[in-house]
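Here is a friendly briefing on one protein structure. Have the sequence and the model open as you read.

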Amino acid sequence: MTEFWLISAPGEKTCQQTWDKLMASTRNNNLSTNNKFNIPDLKVGTLDVLVGLSDELAKLDSFVESVVKKVSQYMADVLEDTKDKVQENLLANGVDLVTYITRFQWDMAKYPIKQSLKNISEIIAKQVTQIDNDLKARASAYNNLKGNLQNLERKNAGSLLTRSLADIVKREDFVLDSEYLITLLVVVPKSNYIEWQKTYETLAEMVVPRSTNLLFEDQESGLFSVTLFRKAIDDFRHKARECKFTVRDFQYNEEEMKADKEEMTRLSTDKKKQFGPLVRWLKVNFSEGFIAWIHIKALRVFVESVLRYGLPVNFQAMLLQPNKKATQKKLREVLYDLYKHLDSSATGIIDVAMDIPGLNLSQQEYYPYVYYKIDCNLLDFK
């Protein structure tokens, strides 16, 4: 399972005792894999600041999670590939996400603990907002390129009624530079070939006898050329439509056709050029965003633990990975029995509609211990 429960409980005589108790309670039933979650000695500040910060961190947590998900989802879009291909690029600090979380170490260089909690949260907010803005700009540029290329590719595929004919026809298929004669291209359903051969010379006056050639076929139809006098075009078109033959709007123009091919090559080359740097940017910034997100979880645990358990700071943060979906309920019960003494009003889970100042209950779940969920499954594969 990729779901983790980040919890904290007050230190008994020592924090190690708190840890040992948890291990003993969950070990018996093999309910979860547990790790200590190391949070450094952060600056506490005043109670008022902590209460305000509790709400701000909840919003920041949601925002950063959404950006991390956007980056990972866009990685999947860009790689246009299998799940494994995406998953192996979603790393934090060069390791897979589960390893990063279970061995979490605070990054002192990025988030110096001499700074106040508010400053650290502002550093993270600024950093992740920058990632979000950059992602929008890069995605927009790459999507435009990809969209234009797909449009051109679509023009070169599809049925003979709509597709580009530039790569099908040749100069010698046309009567060119004639004042009186013109070559038209007509799409004829395969079932009507015999009909076409019988009737095309009589669809209008002034059709050049035996001037039709089959130039190309797809599954449904064939593309025929036919030469006639310019003044008979409208009449020919009209009669052809009645017989279910479609005259394509097409004028042989070498310059235009060459420009189309060059545009296709240019877009294709540009896409390849941008692909590598874009994937590298996504990898780096996914890692940055994910690391920032887990640091916010650490900040939230710290702030909520101080608000709940009071000063001096004395709590053990622990990371539980429930072994199976089926054991989650049992794990909740074990944790409740272990920590119900922390809150006389707690009766298991309270579905909270009210708001208790200083406790962030927006997740509608309240337990006698501090609890946050971390879900590493960030990809929504349709």
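**Helix pairs**

Helix H1 (residues 15-27) packs against helix H9 (residues 328-339) at an angle of about 140°, and their axes are 10 Å apart. Helices here are DSSP runs of H or I with at least four residues, strands are runs of E with at least two, and both are numbered from the N terminus. Axes are lines fitted to C-alpha atoms, for helices over the stretch in contact, and angles run from 0 to 180 degrees between N-to-C directions. Please keep in mind that this is a predicted model, in which local features need pLDDT of at least 70, side-chain atom pairs count only at pLDDT 80 or more, and totals for chains, interfaces and linings use all residues. Residues are numbered from 1 along each chain as its sequence is written, and side-chain values use heavy atoms, with hydrogens and water left out.

- On the H1 side, Lys21, Leu22, Ser25 and Thr26 meet Leu331, Val334, Leu335, Leu338 and Tyr339 of H9; contact means heavy atoms within 4.5 Å.
- Sorted by class, the H1 and H9 contact has 6 nonpolar, 2 polar and 1 charged residues. Ala, Val, Leu, Ile, Met, Phe, Trp, Tyr, Cys and Pro count as nonpolar, Asp, Glu, Lys and Arg as charged, and the others, Gly among them, as polar.
- Helix H2 (residues 47-79) and helix H5 (residues 117-155) have axes that come within 10 Å and cross at roughly 25°. That angle makes H2 roughly parallel to H5 (angles under 35 degrees count as roughly parallel, over 145 as roughly antiparallel, 65 to 115 as roughly perpendicular and the rest as oblique).
- The crossing of H2 and H5 is left-handed, and their contact has 18 nonpolar, 3 polar and 7 charged residues.

**Nonpolar cores**

- In soluble globular proteins, nonpolar side chains tend to be buried together.
- The largest nonpolar core has 63 residues, and Phe37, Ile39, Ile101, Ile124, Leu282, Phe290 and Ile294 have the most contacts inside it. Such a core is a set of buried Ala, Val, Leu, Ile, Met, Phe, Trp, Tyr and Cys residues joined through side-chain atoms within 4.5 Å.
- Helix H8 (254-309) gives the most to this core, with 18 residues.
- Beyond its neighbours within four places in sequence, Ile294 is in contact with Phe37, Tyr100, Ile101, Phe104 and Ile374.
- A second, separate core of 19 residues includes Tyr193, Trp196, Val207 and Phe224.

**Loops worth a look**

- Most residues other than glycine have a negative phi, and most peptide bonds are trans.
- Leu311 and Pro312 are joined by a cis peptide bond with omega of about -5°, and Pro312 is in the loop between H8 and S7.
- Asn93 has a positive phi near 55° and counts as exposed at 55% relative accessibility (exposed means over 50% relative accessible area, buried under 20%, partly exposed in between, with a 1.4 Å probe and protein chains only).
- Asp177, in the loop between H5 and strand S3 (181-189), also has a positive phi, about 55°, and is exposed at 79%.
- Arg163 lies in the loop between H5 and S3, but at 11% relative accessibility Arg163 counts as buried.

Terms used:
Left-handed = near helix turned anticlockwise from the far one by under 90°.
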